[in-house]
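Subject: A structure for you

Hi,

Here is the structure I promised. Please open it beside this email and follow along.

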Amino acid sequence: MLFENMVTHRTATVAGAQVYEPEHFDFTWAADPCMHAERFPYGKSCRHLMQTEKEAVMPRKRTFNIDDFVAAIETHYRQWDAPIITFIANRGASPFEVLVSTLLSLRTKDEVTGPAAERLFKVARTPEAMIRLTPEAIEKRIYPVGFYPTKAKRLLEISRILLDRYDGQVPDTLEALTALPGVGRKTANLVLVEGFKIPAICVDTHVHRISNRIGYVNTKTPDQTEMALRKKLPRRHWVRYNELLVAFGQMLCRPVSPFCSRCPVADMCPQTGVDRHR
Ligand code: SF4
């Protein structure tokens, strides 16, 4: 009896060769000596596999695929908290409120950003209302977000520019947004995505770290990651990519010691640069 008749014909590429994967091997049929032992790289022979079930149930490593990766994270995302800017945007925030919240969130935890934005929006939801406040009044509302005195001044500056040049509206291009004081590519891209639902790639620390860990990019800085993703990431994933990876990074793929044992994409992740995990 040939082994081709005993296995499910599902293969993987190992060291450049097509091989059968052990979990698709049907042990109940394995009565005869194997004629193709060299094609089963996980054991010494097919008989060996019969005797060492432990090896046979080892997690299968599948080739990384960005669609499978996004789909797996998307499935689990439903059980996780949305990142704060997504949460604010989903509650019907205007592009101005998204811009203000994003600026407040820089170097600030989500649990601090949310309440601070809420306190500020109680008195200023528009550039017109913002410029009626003093820097001290804004500081009081947004404290304790990181760099709150600087952010208070920036919010006033930006509000005046929006009123002078854009009729009080937030512009919807990367170029115009990054021309505003204190607005970098990360902030601008997030405003495009969350404020306008325009496909853009916001690369923050989570997106940079995870995109490298999963081996999708090989970059040193968030800016390099953004450029690499712009070339490689299918456009259909641009709007959701940041939201999904931020939540994933907060819940499982943590900066230090990620929860690889509970990770839904562990079977396709090379864990690049991960030296300690749980
Ligand atoms: S296996 Fe570990 S390193 Fe890879 S994506 Fe999952 S949590 Fe992150």
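Cys 263 is buried, with a relative accessible area of 18%. Buried means under 20% relative accessible area, exposed means over 50%, and partly exposed is in between (1.4 Å probe, protein chains only). Cys 263 lies in the segment after H14. Helices (H or I, at least four residues) and strands (E, at least two) are DSSP runs, numbered from the N terminus. Leaving aside neighbours within four places in sequence, Cys 263 is in contact with Phe 248 and Leu 252. Contact means heavy atoms within 4.5 Å.

Before you go on: this is a predicted model, where local features need pLDDT of at least 70, side-chain atom pairs count only at pLDDT 80 or more, and totals for chains, interfaces and linings use all residues. Residues are numbered from 1 along each chain as its sequence is written, and side-chain values use heavy atoms, with hydrogens and water left out.

**Cys 260**

Cys 260 is also in the segment after helix H14 (238-251). Cys 260 is buried, at a relative accessible area of 15%. Beyond its neighbours within four places in sequence, Cys 260 is in contact with Ala 266, Gln 271, His 277 and Arg 278.

Which residues does UniProt list for "binding site"? The unreviewed entry gives Cys 253, Cys 260, Cys 263 and Cys 269. They span 17 residues in sequence, yet no two of their C-alpha atoms are more than 11.1 Å apart, so they gather at one spot. Cys 253, Cys 260, Cys 263 and Cys 269 are included in the lining of the largest cavity. Be careful with such annotations: they may be inferred rather than shown by experiment.

The ligand sits in the largest cavity. A cavity is a set of points on a 1 Å grid over the protein atoms alone where a 1.4 Å probe fits but cannot get out; lining residues have an atom within 4 Å of a point. To sit there, a molecule needs more than half of its atoms within 2 Å of the grid points. The residues around the ligand include Arg 213, Ile 214 and Phe 248. The shell divides into ten nonpolar, one polar and one charged.

**Helix H12 and the whole protein**

Eight of the nine residues of helix H12 (residues 205-213) are buried, so it is largely enclosed by the rest of the structure. Its cover includes helix H3 (66-77), helix H13 (222-232) and H14. The protein has 14 helices and two strands. Buried residues make up 47% of its 278 residues.

Best wishes

Key:
Near = heavy atom within 4 Å. 1 Å grid on protein atoms, 1.4 Å probe; cavity = no way out; pocket = protein on both sides within 12 Å on 5 of 7 lines; lining within 4 Å. Nonpolar A, V, L, I, M, F, W, Y, C, P; charged D, E, K, R; others polar.
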